Amino acid sequence: MPQYTPPVRDTRFLLQSVIGVDRYANLPGFQNATPDMLDAVLEQGGQFVAEVLFPLNQVGDQHGCTRNDDGSVITPPGFKEAYQQFVESGWGTLSAPEEFGGQGMPHFVFTAFQEYMISANMAFSMYPGLTHGAIAALLVKGSEEQKAKYVPNMVSGQWGGTMNLTEPQCGTDLGLIRTRAEPNPDGSYSITGTKIFISSGEHDLTENIIHLVLAKTPGAPESTKGISLFVVPKFLVNDDGSLGERNAVSCGSIEHKMGIHGNSTCVMNYDGAKGWLVGEEMKGLAAMFIMMNAARLGVGLQGLGIGEVALQNAVHYAHDRRQGRALTGPADPNEKADTLFVHPDVRRMLMEGKALVEGLRALCLWGALQVDLEHSAPSEEERQLAADLVGLLTPVIKGVGTDIGYKVATDAQQVYGGHGYIAEWGMEQYVRDARIAMIYEGTNGVQAMDLVGRKLAQNGGRAVQAFFKLVAGEAASAKANEKLALLAEGLEKALGHLQGATMWLAANGFQNPNHVGAGAYPYMQLTGTVALGLMWLRIASAAAEALEAGGENAKFLEAKLVTARFYAERFLPEASALRRKVEAGGDTVMALDPELFRAA
């Protein structure tokens, strides 16, 4: 049976010593995240997910969700009761605005808790996760009336929320959507169409579900410019806030999926359902990106969450399982065999997992801080820098983060050998659950194209130049420190390869756009390699400083320095090969006639 312990010590170390959140205590909202409050969230939140949500993870996978003949959906045994505990404990309100019933804490606080929730039960975490994405869109684009009518009950968890984008004939290319919105005399719209792959589309956890639906009004262009966004509640909401009649929206079926069985992924049918325009007509794309960007950061966090729990279990197994002898001679002569930890290849997988997961945790938390600073930093310059950095790194956190989650999960399964393939050990579920994160909210190939095709050129390359300057400055400063020199020099070289690849794309992309498309994925991986290198430089710097000061947990801090050196030796050198892949261009990628891909 799998097990899970929330990594509270590592999270606390990153927030306090690496990111230094106490420096921002005077900013709006940050005053609610006192050290004592932060400790309480990490400790008590970790205890809640470990004791309440984690025991339901395999239950959800084995039972899945059930659709009744009337279109209603029942979640797996225990989910409804666990959700009530989640709501009553207020975990979903951590970073929501106080004016709508939230606790008003910074986004990074909820991010830390959300990682634990994902590790404990990814499928369960998606129910409140989708609600948060819908809340984000309503807060920015919704009218005051819509905010007052829907947001408080969504913040409390009494109501859920969804995003309805995808249709059978279109995924990423949303200009192809066919869902129609016909105006009614009372100012509402009649929404008709079918949406697929709708996570948390129908369930029994909340009394109402607020769907945000993309549709086209009459005469709208048959492109993304014609998209509008509508709020379509499962139950209509009366003026006094009470629930009215059932709206004409229903779950047609539940998708049969590879993983995340505990989440109800639905085909949703809108049969003239009543909805209301959110924001301006034919301006739905901007509202959609608010939801999508929030979701993409959350999906990157799913890579971290699954990677963490899979790695924990592989480490436990490697400690317990005895198989063979160390290459240098018996490590434990009194036993018939040594533990798996004596084998270098097992160590390689576990060290890679440790380096990637801990570096990714730092990147996710730092990215969450940039979300906060984008709104709360004292100067316009600081707010702009934060916005630029989070915009640039969102596709990296989603794409590279979920690649990491899947790699660590499969490597952790590999540590188990044949037992990793057997369901009772839990590892094959983590592999299946991790795989979807690389696909939804924009496949990782789409993330790479977003990075290269949109983010690099925005505002004359301001964001990527700011990132280059940040990395270069910190690497140069760290080279003088003997304990950091190897990592700093390796990061400097990796940054040089990233800069070179960027210049190559700028010089060659216009003459042949296929060069951009073919190089996008390795470019994203290269950016991720540098971003995690920056995180490890900061982690190593904080660990070295704490050791010099005689800080507690010396073994924990020394392990950080060893893992940082491992990252410098094993991952940063990959930057050179990734650059060569980018600069190989698209000629051979696109050369073959499609017919030559077919079997004889």
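This is a predicted model: local features need pLDDT of at least 70, side-chain atom pairs count only at pLDDT 80 or more; totals for chains, interfaces and linings use all residues.
Helices α1 and α16 sit roughly perpendicular to each other, a label that covers angles of 65 to 115 degrees, while under 35 counts as roughly parallel, over 145 as roughly antiparallel and the rest as oblique. The angle here is about 70 degrees, and the axes of α1 (residues 8–18) and α16 (residues 554–570) are 12 Å apart. Those axes are lines fitted to C-alpha atoms over the stretch in contact, with angles running from 0 to 180 degrees between N-to-C directions. On the α1 side, R9, D10 and F13 meet F556, L557 and K560 of α16, where contact means heavy atoms within 4.5 Å. The residues of this contact split into 3 nonpolar, no polar and 3 charged.

Residues are numbered from 1 along each chain as its sequence is written, and side-chain values use heavy atoms, with hydrogens and water left out.

Zooming out, the protein has 18 helices and 11 strands, taken as DSSP runs numbered from the N terminus (H or I, at least four residues, for helices; E, at least two, for strands). Its radius of gyration is 24 Å, close to the 25 Å that the globule rule gives for 600 residues, so the protein is as compact as a globular protein of that length. That radius is taken over C-alpha atoms, and the rule is 2.2 Å times the number of residues to the power 0.38. Of the 600 residues, 56% count as buried, meaning under 20% relative accessible area, with exposed over 50% and partly exposed in between (1.4 Å probe, protein chains only). Among contacts with a separation of 6 or more, 74% involve residues 24 or more positions apart.

Now for some loops. N553 lies between α15 (513–548) and α16, and has a positive phi of about 60 degrees although it is not a glycine. At 41% relative accessibility, N553 counts as partly exposed. E441, in the loop between α11 (427–437) and α12 (444–455), also has a positive phi, near 60 degrees. T328, in the loop between α8 (284–320) and α9 (344–376), counts as exposed at 82% relative accessibility.

Methods. Ala, Val, Leu, Ile, Met, Phe, Trp, Tyr, Cys and Pro count as nonpolar, Asp, Glu, Lys and Arg as charged, and the others, Gly among them, as polar.
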